Amino acid sequence: VWIGTTEGLCYLENNKITLVNVLKNEHINCLYYTLENGIWIGTNNGLFNLKNGELTLFTTLEGLSHNSVSCMSKNTLTNELFIGTQNGLTVLNLKTKKTLNYHVNNGLLDETVTAITSDENGIVWVGGKNGLLSFDGKEFSYFTIRQDNNSNNILSLLIDYEKNLWV
């Protein structure tokens with residue numbers, strides 16, 4: 001079991017928690033695991049990838065829209081990692097490592113992305129401070145939770161085993 005903390009990355013093995021030294025003192029915001037690419041680690045200083053003991057860092061220099069990564073989810077149909085940041089949404093092609101960024105001017109409701117999940121049909125669900133979006137790979141669609149602004153601040157998304165989206 002991998003654990004992200006404000007002091008770095010840890011793992012639980014045999015009822016013992018061990019700190020991974022290479023990411024010591026990194027503030028871990030989110031974790032995502034893929035069989036092919038290992039562990040993706042979202043921090044305030046960029047996106048790390050830990051695979052076979054090798055650590056790779058992706059930052060704005062590699063195409064992230066912002067170095068503070070808040071959430072992520074893989075679209076299994078397109079083999080892309082959707083990365084929520086404090087300044088937009090980055091789509092990372094896991095094969096080519098090319099990125100594409102989305103902001104308010106090309107579909108987002110606000111620049112802060114707080115939650116992401118993907119369904120089996122390739123639809124990516126994106127939550128932010130101003131509501132819920134779905135993305136089909138071409139365009140965004142907006143969903144209002146309630147008319148008051150407080151209800152549209154999305155903090156977490158989950159698709160359950162019955163394919164229900166929980167907001």
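One cavity of 30 Å³ or more was counted in this predicted model, where a cavity is a set of points on a 1 Å grid over the protein atoms alone at which a 1.4 Å probe fits but cannot get out. Rolling a probe the size of a water molecule over the atoms shows where empty space is left. The largest cavity has a volume of about 50 Å³, a volume being the space filled by probe spheres set on the points. Its lining residues (those with an atom within 4 Å of a point) include L108, D110, T112 and V126. By class, five of the lining residues are nonpolar, four polar and one charged; Gly counts as polar, and Asp as charged. Strands β13 (124-128) and β14 (131-135) each supply at least two lining residues, and β13 gives the most, with three. Strands here are DSSP runs of E with at least two residues, numbered from the N terminus.

L12 belongs to strand β2 (residues 8-13).

L12 is partly exposed because its relative accessible area is 35%, between the limits of 20% for buried and 50% for exposed. E26, in the loop between β3 (16-19) and β4 (28-34), is buried, with a relative accessible area of 14%.

Residues are numbered from 1 along each chain as its sequence is written. Local features need pLDDT of at least 70, and side-chain atom pairs pLDDT 80 or more, while totals for chains, interfaces and linings use all residues, and side-chain values use heavy atoms, without hydrogens and water.

Methods:
On a 1 Å grid over the protein atoms alone, a cavity is a set of points where a 1.4 Å probe fits but cannot get out, and a pocket is an open set with protein on both sides within 12 Å along at least five of seven lines; lining residues have an atom within 4 Å of a point. Helices (H or I, at least four residues) and strands (E, at least two) are DSSP runs, numbered from the N terminus. Buried means under 20% relative accessible area, exposed over 50%, partly exposed in between (1.4 Å probe, protein chains only).
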